[in-house]
Amino acid sequence: QVQLVESGGGLVQPGGSLRLSCAASGRIFTLNAMGWYRQAPGKQRELVATIPALGSTNYADSVKGRFTISRDNAKNTVYLQMNSLKPEDTAVYYCNADLRSTFTGPVTRYWGQGTQVTVSS
């Protein structure tokens, strides 16, 4: 069984910063790409940023230059540093991880439970 637990959400004023964390635990053989998505009220879930095990990161145009995704492979943790936050960044943020639980098992995507980020004065 695998769990992804997010933390770091909250209320912040426009222009402020938050750092989200997402730790994967359980039966993990290999951890591949990890990422962050968000869902605002009345809208579909959208990609925010992804980071592979090796290689380049990818960002939504709306967050480029403001958000930074990183990971600590020793801790099976992915982070999202969010700077210059805007009211339109308000959403529930979800992390995901693509991983194998065994050497021969399939790559499966797991999701966290979500953490609320509210940007408001």
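Biologist: Why is Arg-66 called buried?

Modeller: In this predicted model, Arg-66 has a relative accessible area of 10%. Buried means under 20%, so Arg-66 counts as buried.

Biologist: Where is Arg-66 found, and what does Arg-66 touch?

Modeller: Arg-66 is in the loop between β6 (58-59) and β7. Leaving out residues up to four places away in sequence, Arg-66 touches Gln-81, Met-82, Asn-83, Ser-84, Leu-85, Lys-86 and Asp-89.

Biologist: Ser-84 is on that list. Why is Ser-84 called partly exposed?

Modeller: The relative accessibility of Ser-84 is 40%. Partly exposed runs between the 20% cut-off for buried and the 50% cut-off for exposed, so Ser-84 is partly exposed. Ser-84 lies in the loop between β8 and β9 (91-100), and its phi is near 50 degrees, a positive value in a residue other than glycine.

Biologist: What makes Asn-76 partly exposed?

Modeller: Asn-76 has a relative accessible area of 22%. Buried requires under 20% and exposed over 50%, so Asn-76 is partly exposed. Asn-76 sits in the loop between β7 (67-72) and β8 (77-82), with a positive phi near 50 degrees.

Biologist: How do you know that β5 and β6 pair?

Modeller: Pairing needs at least two bridges. Two bridges join β5 to β6, so the two strands pair; they run antiparallel. Thr-50 has Asn-58 in β6 as its bridge partner.

Biologist: What about β4 and β5?

Modeller: Those strands have five bridges in the antiparallel sense. At least two are needed, therefore β4 and β5 pair. Arg-38 stands opposite Glu-46 in β5.

Note on methods
Residues numbered from 1 in each chain as written. Predicted model: local features only at pLDDT ≥ 70, side-chain atom pairs only at ≥ 80, totals over all residues. Heavy atoms only, no water. Helix = DSSP H or I, 4+ residues; strand = E, 2+ residues; numbered from the N terminus. Buried < 20%, exposed > 50% of the residue type's maximum accessible area, 1.4 Å probe, protein only. Contact = heavy atoms within 4.5 Å.
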